Amino acid sequence: MGVKKHLLILALGATGTNAIVDQLLNNSHVYKYKKGEKEPLNLRLEEDVREGNITWKKQISNLVEKAQGKILIIHVQPQHFEELGVSMKEVVSYLKDDFDFIFMRRRNYLAQKSSHAFKHLWRDFGHGYKKRKAKINAPLLVSNFKYRKRIEGDIKEAIKEHKHIILIYEKHVQKNPRTGADMIAKHFGFYENYKYKRVRNHYHAKKNKWSDVTLAKKIKNFNEVKKVLIKTKYKWMLWE
């Protein structure tokens, strides 16, 4: 296969990253995180990084060492780097010699926001989340959508001169995440056929109860959300 670079997924949450990683972990060329290790990497949750005991560069370097020749896959959310005062351009520039890049995005920001809300319900109520609906902060939606658009622009600008692939949730993940996973493996030259076995016990690593339910039926305050978006360019997002 030859020497392959590691892979850095740059994406906001609820864009299909966990489902894609769960597929890729079935590939023999990919490093499988050991029990108890955080994966994909979430810098915001790394206390040593937040408290200044270790830099994000050292944190990633430590993970690369653990991979021992396998392809390391790391997912980082841009806003977590912003919290550290680090731009996407700086991250990509520092890692470009050892990493190639995957940009994942979801066109429907409202659906993305809803999925994120359900993840928190799952964390709070376990399987009880199935009896609940998500409440969305409607007044802040438009400003949140503009923020997401700006973040996506920052990612595109940072990776445009480097080897990368762009995956769209609605096209490459939603129906079958293996579609996106195979695209990645072929693009970066480590494709192999495999019999899928679920590796990660994670809410977003599989289809859940709400995967095929319309937003009107799973957002508790849908009418309030509709009033905010119906006269904006985002109104199409009300109907998945």
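Predicted model: local features only at pLDDT ≥ 70, side-chain atom pairs only at ≥ 80, totals over all residues.
## The chain as a whole

Let's start with the overall picture. The protein chain has 240 residues, and 50% of them count as buried. Its secondary structure comes to 11 helices and 4 strands.

Taking the contacts in the protein chain with a separation of 6 or more, 76% are between residues 24 or more positions apart.

## The sheet

The 4 strands form an open sheet in the order β2-β1-β3-β4, and the pairing is parallel. At the edges stand β2 (73-76) and β4 (164-168); each has a single partner strand, so one side of each is left without a neighbour in the sheet. From one strand to the next, the twist averages 20 degrees. A helix, α1, packs on this sheet and touches β1 (6-10), β2, β3 and β4. The direction of α1 makes about 175 degrees with that of β2.

Now for the pairings themselves. Strands of a sheet pair through backbone hydrogen bonds, either parallel or antiparallel. Here β1 and β2 run parallel and are joined by 4 bridges, with L10 having V76 of β2 as its bridge partner. On to β3: this strand pairs with β1 in the parallel sense over 5 bridges, and L7 stands opposite D100 of β3.

## A covered strand

How many of the 5 residues of β1 are buried? The count is 5 of 5, so the strand is described as mostly covered. H6, L8 and L10 are buried on one side, while L7 and I9 are buried on the other.

Rolling a probe the size of a water molecule over the atoms shows where empty space is left. The structure holds 1 cavity of 30 Å³ or more, and the largest cavity has a volume of about 30 Å³. Its lining is made up of A11, L12, T15, F103, M104, R105, R106, Q112, E152 and I155.

The largest share, 3 residues, comes from β3. By type, the lining divides into 5 nonpolar, 2 polar and 3 charged residues.

## Two residues in loops

Finally, let's visit two loops. N27 lies in the loop between α1 (17-24) and α2 (47-50). Is N27 buried or exposed? With a relative accessibility of 2%, N27 counts as buried, because the cut-off for buried is under 20%. Apart from its neighbours within four places in sequence, N27 is in contact with K32, A185, F190, Y191 and E192.

V199 sits in the loop between α9 (177-187) and α10 (215-218). Its relative accessible area is 42%, so V199 is partly exposed. Not counting residues up to four places away in sequence, V199 touches D22, L25 and N26. The C-alpha atoms of V199 and Q23 are separated by 8.0 Å, although these residues are 176 residues apart along the chain.

Definitions and conventions
Residues numbered from 1 in each chain as written. Heavy atoms only, no water. 1 Å grid on protein atoms, 1.4 Å probe; cavity = no way out; pocket = protein on both sides within 12 Å on 5 of 7 lines; lining within 4 Å. Points joined across faces, edges and corners; volume = space filled by probe spheres on them. Nonpolar A, V, L, I, M, F, W, Y, C, P; charged D, E, K, R; others polar. Buried < 20%, exposed > 50% of the residue type's maximum accessible area, 1.4 Å probe, protein only. Contact = heavy atoms within 4.5 Å. Pairing = 2+ DSSP bridges. Axes fitted to C-alpha atoms, helices over the stretch in contact; angles between N-to-C directions.
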